[in-house]
Amino acid sequence: MPSGSIEVESKFTAGPGTEARLAALGAALAGSSSFRDLYYDTPDLRLTRADHWLRLRQGAGWELKCPPLPRGGASHGLGAACPEPPAEGAGGSSHVPDAASQEPPAVATTYQELTSPRAVVGRLCGVLGVAPAPGWDQVPGAVAGLGLQEFASFVTRRRSYRLGGLRVDLDQADFGYAVAEVEALVGAQEEVPAAREEVLQLRRALGPDGATRVPGKMSVYLRRHRPRHYQLLLQAGVLAGDPQPP
Ligand code: V4E
């Protein structure tokens with residue numbers, strides 16, 4: 001898949017009975033891990049304002065989570081057009097309910113995850129409207145050349161389960177926030193609606209908050225540690241005013 005996988009995911013709040021429920025549904029524990037994520041942006045936050053999330057994940061390397069390009073859009077052409085800012089409540093997210101669905105908006109999100117250096121750098125250049133320079137064939141060169149700076153750093157302890165084609169991650173972040181998610185990976189935009197239904201079905205079976213949007217780790221991290229950044233993303237419509245944990 002040249003342009004990376006498309007992730008359809010839905011976050012929920014796990015409780016003391018979640019793992020037993022997973023086991024009862026036939027899910028298998030796929031592993032436990034612990035990793036640090038470092039997130040990067042320009043000093044004026046142009047990447048996250050455009051809903052682009054560049055991170056260096058310990059054990060995995062550089063990853064860019066961003067809204068899938070519209071059909072026919074360049075997947076990683078250098079100098080690709082800057083996407084429009086996302087709709088209210090997060091752009092890559094399925095925050096605008098599709099006509100056929102009775103699901104409440106904002107419960108499942110859809111993002112592309114790019115990992116190949118060429119795709120990551122191409123998309124960064126497209127969003128920032130700059131041409132790539134020599135030495136930017138690897139992500140660290142582009143990060144330095146584009147003047148990107150770290151804005152978030154935290155460790156996640158994760159337990160992952162597999163059930164059919166779905167993954168369930170139970171995350172505990174080191175800043176004191178726990179969140180779980182059901183995730184499907186698909187290879188093409190056409191597969192998103194069916195994956196979304198599967199994800200939401202399992203989420204309803206697991207979460208006590210089946211129709212509630214649960215904030216991700218970053219939303220809580222920014223609100224607590226980078227309040228001005230958080231406010232800016234609320235104003236930009238990239239993060240919704242999620243119900244926040246205390
Ligand atoms: C896409 C995104 C961000 C990047 C972090 O994504 P997230 O899925 O929260 O982190 P994680 O560690 O679970 O990644 P994984 O291991 O699954 O790849 S930060 C904010 N967003 C946008 C966003 C949004 N607007 N709303 C929700 C509910 N989630 C993410």
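A: What follows starts at the ligand, moves to one residue beside it, and then goes on to the strands, loops and helix.

The model is predicted, so local features need pLDDT of at least 70 and side-chain atom pairs count only at pLDDT 80 or more, while totals for chains, interfaces and linings use all residues. Residues are numbered from 1 along each chain as its sequence is written, and side-chain values use heavy atoms, with hydrogens and water left out.

First, the setting. The chain has seven helices and eight strands; helices (H or I, at least four residues) and strands (E, at least two) are DSSP runs numbered from the N terminus. Of its 246 residues, 49% are buried. Buried means under 20% relative accessible area, exposed means over 50%, and partly exposed is in between, with a 1.4 Å probe and protein chains only. The chain exposes about 11,100 Å², of which carbon and sulfur atoms supply 54%. Among contacts (heavy atoms within 4.5 Å) with a separation of 6 or more, 66% are between residues 24 or more positions apart.

Now the ligand. There are 23 residues around it, and E9, R55, R57, E181 and K217 come nearest; a residue is near a molecule if one of its heavy atoms lies within 4 Å of it. By type, this shell holds 13 charged, eight nonpolar and two polar residues. Here Asp, Glu, Lys and Arg count as charged, Ala, Val, Leu, Ile, Met, Phe, Trp, Tyr, Cys and Pro as nonpolar, and the others, Gly among them, as polar. At least two shell residues come from each of β1 (5-12), β3 (53-57), β5 (109-114), β8 (177-186) and α6 (217-225).

Some distances can be given for the ligand's oxygen atoms. A polar side-chain atom of E181 is 2.6 Å from an oxygen atom of the ligand, and for R55 such a distance is 2.7 Å. For E113, an N or O atom of the side chain is 3.4 Å from a ligand oxygen atom. The ligand has 630 Å² of accessible area on its own, and the protein covers 96% of that area. Accessible areas come from the Shrake-Rupley method with a 1.4 Å probe; for residues, only the protein chains shown count as cover.

R55 deserves a longer look. This residue lies in strand β3 and is buried because its relative accessible area is 5%. Its side chain makes a polar contact of 2.7 Å with the side chain of E63 and another of 2.9 Å with that of Y39. A polar contact is a pair of N or O atoms within 3.5 Å; within protein, one must be able to donate a hydrogen and the other to accept it, and residues adjacent in sequence count only if both atoms are side-chain atoms.

The antiparallel strands β2 and β3 are joined by four bridges; two strands pair if DSSP finds at least two bridges between them. Strand β2 also runs antiparallel to β6, with 13 bridges, and F35 stands opposite T156 of β6.

F151 lies in β6, residues 149-163. F151 counts as buried because its relative accessibility is 4%. It is 113 residues from L38 in sequence, yet their C-alpha atoms are 7.6 Å apart. Beyond neighbours within four places, its contacts include Y39, W53, M218, Y221 and L222.

Two loop residues follow. Most residues other than glycine have a negative phi. L45, which is not a glycine, has a positive phi of about 60°. It sits in the loop between β2 (28-41) and α2 (46-49) and is buried at 15% relative accessible area. D51, in the loop between α2 and β3, has a positive phi near 65°. D51 is buried, with a relative accessible area of 1%.
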